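The sequence and structure follow.

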Amino acid sequence: MHDLRMIREAPDRFDQGLQRRGLAPLSAHILDLDSRRRAAQTALQEMLTRRNAVSKQVGAAKRSGEDADALIAEVQNLKDGIADNEASEKALDAELVELLEGLPNLPADDIPDGDGEDDNREVRVEGEKTAFDFEPKEHFDIGEALGQMDFGAAARLSGARFVVLRGALARLERALAAFMLDLHTQEHGFNEIVTPVLVREEALYGTGQLPKFAEDLYRTADDYWLIPTAEVTLTNMAADGILDEGDLPSRMTAWTQCFRSEAGAAGKDTRGMLRQHQFSKVEMVCVTHPDNSDAELERMTGCAEEVLKRLGLPYRVVVLCTGDMGFGARKTYDIEVWLPGQGTYREISSCSNCGDFQARRMKARYRPRGEKGTRFVHTLNGSGLAVGRTMIAVLENYQNADGSVTVPEALRPYMGGLERIALDAPVA
RNA sequence: GGAGAGAUGGCAGAGUGGUAAUGCAGCGGAUUGCUAAUCCGUGUACCCGAUAGGGUACCGGGGGUUCGAGUCCCCCUCUCUCCGCCA
């Protein structure tokens with residue numbers, strides 16, 4: 001949600017931001033609605049002031065036994081005007097909110113313009129692409145050959161875009177999540193949280209998935225929604241609250257299941273577990289002071305990268321262009337891991353600074369020291385990392401010619417010391 | 001699923017038609033060798049105003065009655081307690 005005062009003060013800057021997002025200028029229309037709404041509000045308030053004053057006199061008159069009919073008649077005469085102004089203020093406000101809540105966040109100054117993925121800018125490349133003396137396979141071939149990744153069983157249970165894991169691969173999912181959570185909580189200062197995955201509509205409004213992107217989400221018959229990411233629950237922990245400045249930054253992490261309908265992705269990544277309706281992810285969220293969110297984005301991206309470094313997975317970082325960035329973000333880094341089976345880099349994490357865009361929607365504020373009033377916090381979210389995709393990356397980068405997969409050193413303590421996942425791998 | 005109770009500011013907690021007590025915490029200020037204590041101020045959002053200042057709304061949400069609603073009426077949501085079922 002955008003700040004009306006900012007639009008009033010810098011309408012050109014607002015329109016330029018919209019234009020970079022590929023949208024037509026709207027400040028003139030918004031400011032017209034805004035000034036008409038304020039005029040109605042002011043007129044209403046003046047009538048209410050009068051009504052309150054006269055009502056007081058009525059009370060005083062009645063107490064002293066005087067006749068109050070003339071005063072009562074005066075208030076009666078105000079009623080139509082009050083009702084009219086109240087109605088038009090409400091209508092104009094609703095129109096304004098409906099317009100504003102559908103607009104995406106404005107892009108940061110330092111991100112590239114562009115229409116889509118091809119215009120993202122590579123920031124850095126880490127690690128050498130894994131070399132093989134055989135033709136590396138894709139993860140689904142490896143997993144199915146190991147007998148531990150079963151798409152057929154999942155299809156019988158649920159349909160397309162689900163997977164069943166068994167044995168060492170099932171444990172690998174848990175090992176990866178535990179490794180990531182330990183790293184973020186013990187070394188990166190995040191607080192581990194367990195949240196619901198079923199939420200009410202308001203939570204999804206706060207982070208910006210609703211009302212615009214309902215078709216991407218699953219919803220239950222009794223009107224709960226399944227979270228597409230723990231960003232929703234972790235960020236909304238700050239909703240409707242006023243934090244003390246000393247409580248910032250608040251860094252949280254959670255391992256949850258995520259649910260996405262993938263409505264717009266028909267035919268894309270249909271094989272394997274790259275794009276699933278249900279997957280698990282370790283999410284990082286940070287609620288910061290407005291002055292610190294830019295630095296925090298760099299820090300958070302580094303936290304996600306550290307997972308890949310410790311797992312020995314090659315990757316690159318790209319900064320998203322205006323056309324590829326999500327609704328609530330003002331700046332986003334994607335981390336793309338090298339997948340030798342596919343021979344390409346694929347997204348494994350996305351770290352975004354949302355500025356005060358989500359905070360404004362969910363009324364998340366803090367109280368500045370030595371200042372009157374409150375200010376909106378800034379919110380950031382990032383995957384640290386998507387567990388299923390990390391498994392894909394481990395399988396493809398650590399595969400051996402004989403079809404087995406070497407367990408990365410960092411994961412062995414979490415796998416009961418297991419060094420290789422093979423056809424007959426003990427579950428340990 | 002059945003029965004009942006409740007929702008008031010950061011927290012606690014009064015308030016059954018006359019315009020939100022009080023306590024605690026936090027923050028700002030005063031006082032003070034230091035600390036403690038004490039005293040004063042301080043809810044949130046919005047509108048008008050160059051400023052000083054003035055005003056409106058908000059007692060879970062939405063409607064209604066009334067000159068006037070935290071208080072009365074209607075609808076909804078949520079929370080809690082007991083019983084039943086249940087991981």
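Which residues of H3 are buried? Ser27, Ile30, Leu33, Asp34, Arg37, Ala40, Leu44, Val54, Val58 and Ala61 of H3 are buried, where buried means under 20% relative accessible area with a 1.4 Å probe, protein chains only. The model is predicted: local features need pLDDT of at least 70, side-chain atom pairs count only at pLDDT 80 or more, and totals for chains, interfaces and linings use all residues. Residues are numbered from 1 along each chain as its sequence is written, chains are lettered from A and ligands numbered from 1 in the order in which they are written, and side-chain values use heavy atoms, without hydrogens and water.

The buried residues of H3 pack against H1, H2 and H4, contact meaning heavy atoms within 4.5 Å. Helices are DSSP runs (H or I, at least four residues), numbered from the N terminus.

| Helix | Residues |
|---|---|
| H1 | 4–9 |
| H2 | 11–20 |
| H3 | 27–63 |
| H4 | 69–101 |

From first to last C-alpha, H3 reaches 53 Å, close to the 54 Å expected at 1.5 Å a residue for its 37 residues; the expected span is 1.5 Å times one less than the number of residues. Just after H3, Gly65 takes a positive phi of about 75°.

The axes of H2 and H3 come within 9 Å and cross at roughly 130°. Pro11, Phe14 and Asp15 of H2 make the contact with Ser27, Ile30 and Leu31 of H3.

Terms used
Axes are lines fitted to C-alpha atoms, for helices over the stretch in contact, and angles run from 0 to 180 degrees between N-to-C directions. Helices (H or I, at least four residues) and strands (E, at least two) are DSSP runs, numbered from the N terminus. Buried means under 20% relative accessible area, exposed over 50%, partly exposed in between (1.4 Å probe, protein chains only).
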